[in-house]
Amino acid sequence: MENKQEILDLLLPALQATRNLSDLVNLEYREDRELVYAKFKGGRHKIIDLSTAKSGLDMLEEVIAWIGV
């Protein structure tokens, strides 16, 4: 079984290195709800639904697609 929080922890620095997401502070996976909470400086946040993500790769695709919106 993949550790989805570990995958997000590895993804975070790459996203923070981009111009558009340099204010991203944290990515938190909630397994009980199948959600990722993306937290930004200043208190802004996004909630990403992972109910259709079947693997770590699916999760990465969902997070990257929704976080930039």
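Which residues line the largest pocket? The views below end with that lining.

The model is predicted: local features need pLDDT of at least 70, side-chain atom pairs count only at pLDDT 80 or more, and totals for chains, interfaces and linings use all residues. Residues are numbered from 1 along each chain as its sequence is written, and side-chain values use heavy atoms, without hydrogens and water.

**View A. An open sheet of 3 strands runs in the order E1-E2-E3, with antiparallel pairing.** Strands E1 (24–30) and E3 (45–49) are the edges, each pairing on one side only. The twist averages 15 degrees from one strand to the next. Strands are DSSP runs of E, at least two residues, numbered from the N terminus; two pair if DSSP finds at least two bridges between them.

**View B. Strand E2 (residues 35–40) pairs with E3 over 5 bridges, in the antiparallel sense.** Val-36 stands opposite Ile-48 in E3.

**View C. Helix H1 (residues 4–16) packs on the sheet.** H1 touches E1 and E2 (contact: heavy atoms within 4.5 Å). Its direction makes about 165 degrees with that of E1. Axes are lines fitted to C-alpha atoms, for helices over the stretch in contact; angles run from 0 to 180 degrees between N-to-C directions. Helices are DSSP runs of H or I, at least four residues.

**View D. Helix H2 (residues 56–67) lies across E1, E2 and E3.** H2 runs at about 140 degrees to E3.

**View E. Met-1, Glu-2, Asn-3, Lys-4, Gln-5, Tyr-29, Glu-31, Glu-34, Leu-50, Ser-51, Ala-53 and Lys-54 line the largest pocket.** A pocket is an open set of points on a 1 Å grid over the protein atoms alone, where a 1.4 Å probe fits, with protein on both sides within 12 Å along at least five of seven lines; lining residues have an atom within 4 Å of a point.
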